[in-house]
Amino acid sequence: MGPIAAIDFGTKRTGVAITDPLRIVASGLETVSTEQLLPYLQALCARESVSILVVGEPKQKLGNASDVEQDILKFIAQFAKDRKSTRLNSSHQIISYAVF
């Protein structure tokens, strides 16, 4: 059981956090240029043996989807595609749309 990584996706910058190996405490790790997010996450997953990636689902005040939702869906699809074509362990999961 590896740690959980979480991202707060933005169109320009994305916040990354990770739990300790026992998944007790989560800490902010870094803010990454969204253009460099995929290679950054590939390296992070390999280095830290991340087993779950949580992607935040931003909502507007009334609960409507935010403007960045389509970008998040594209990112999730690209991450899943890249995961299959790289050495990332097939046990890596994406839990998309955790609202926080």
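How many salt bridges does the salt-bridge rule count in this structure? The count comes to two, and both are described in point 6 below.

1. Basis of the note. This is a predicted model, in which local features need pLDDT of at least 70 and side-chain atom pairs count only at pLDDT 80 or more, while totals for chains, interfaces and linings use all residues. Residues are numbered from 1 along each chain as its sequence is written, and side-chain values use heavy atoms, with hydrogens and water left out.

2. Confidence. pLDDT is the predictor's confidence in each residue, on a scale from 0 to 100. The chain has an average pLDDT of 83, and 82% of the residues score at least 70. Over residues 87-92 the pLDDT is below 50, and this stretch has twelve contacts in the model beyond near neighbours in sequence; a contact means heavy atoms within 4.5 Å. Residues 96-100 also have pLDDT under 50, and for them the model has 17 contacts beyond four places in sequence. Where pLDDT is low, the predicted coordinates should not be read in detail.

3. Overall make-up. The chain has two helices and five strands, arranged along the sequence as β-β-β-α-β-α-β. Helices (H or I, at least four residues) and strands (E, at least two) are DSSP runs, numbered from the N terminus. Of the 100 residues of the chain, 36% count as buried. Buried stands for under 20% relative accessible area, exposed for over 50%, and partly exposed for values in between (1.4 Å probe, protein chains only). Among contacts in the chain with a separation of 6 or more, 51% are between residues 24 or more positions apart. The chain exposes about 6,300 Å², and carbon and sulfur atoms supply 53% of that area. Accessible areas come from the Shrake-Rupley method with a 1.4 Å probe; for residues, only the protein chains shown count as cover.

4. Two strands pair if DSSP finds at least two bridges between them. Strand β1 (residues 4-8) and strand β2 (residues 13-19) run antiparallel and are joined by four bridges. Within this pairing, Ile7 has Val16 of β2 as its bridge partner. β1 and β2 form a hairpin, with four residues between them. On to the next pair: β2 and strand β3 (residues 26-33) are antiparallel too, with seven bridges joining them. Arg13 is partnered there by Ser33 in β3.

5. The turn between β2 and β3. These two strands form a hairpin with six residues between them. Arg23 is in this loop and has a phi near 60 degrees, a positive value in a residue other than glycine. Arg23 counts as partly exposed because its relative accessible area is 27%. Val25 belongs to the loop between β2 and β3 as well, and is classed as partly exposed because its relative accessibility is 48%. Together with Leu22 and Ile24, Val25 makes a nonpolar surface patch of about 330 Å². Patches are made of residues with over 30% relative accessible area and no salt bridge; like charges are joined within 9 Å, and nonpolar side chains (Val, Leu, Ile, Met, Phe, Trp, Tyr) within 5 Å.

6. Salt bridges. The rule asks for a side-chain nitrogen of Lys or Arg within 4 Å of a carboxyl oxygen of Asp or Glu. Arg47 counts as exposed because its relative accessibility is 52%, whereas Glu48, at 36%, counts as partly exposed. Glu57 and Lys59 form a salt bridge in which the closest N and O atoms are 3.0 Å apart. Here Lys59 is partly exposed, with a relative accessible area of 40%, while Glu57 is buried at 12% relative accessibility.

7. Two serines in loops. Ser49 lies between α1 (37-48) and β4, in the loop. Its phi is near 55 degrees, a positive value in a residue other than glycine. Ser66 is in the loop between β4 (52-56) and α2 (69-85). Ser66 counts as buried because its relative accessibility is 16%. Leaving aside neighbours within four places in sequence, Ser66 is in contact with Pro58 and Gln60.
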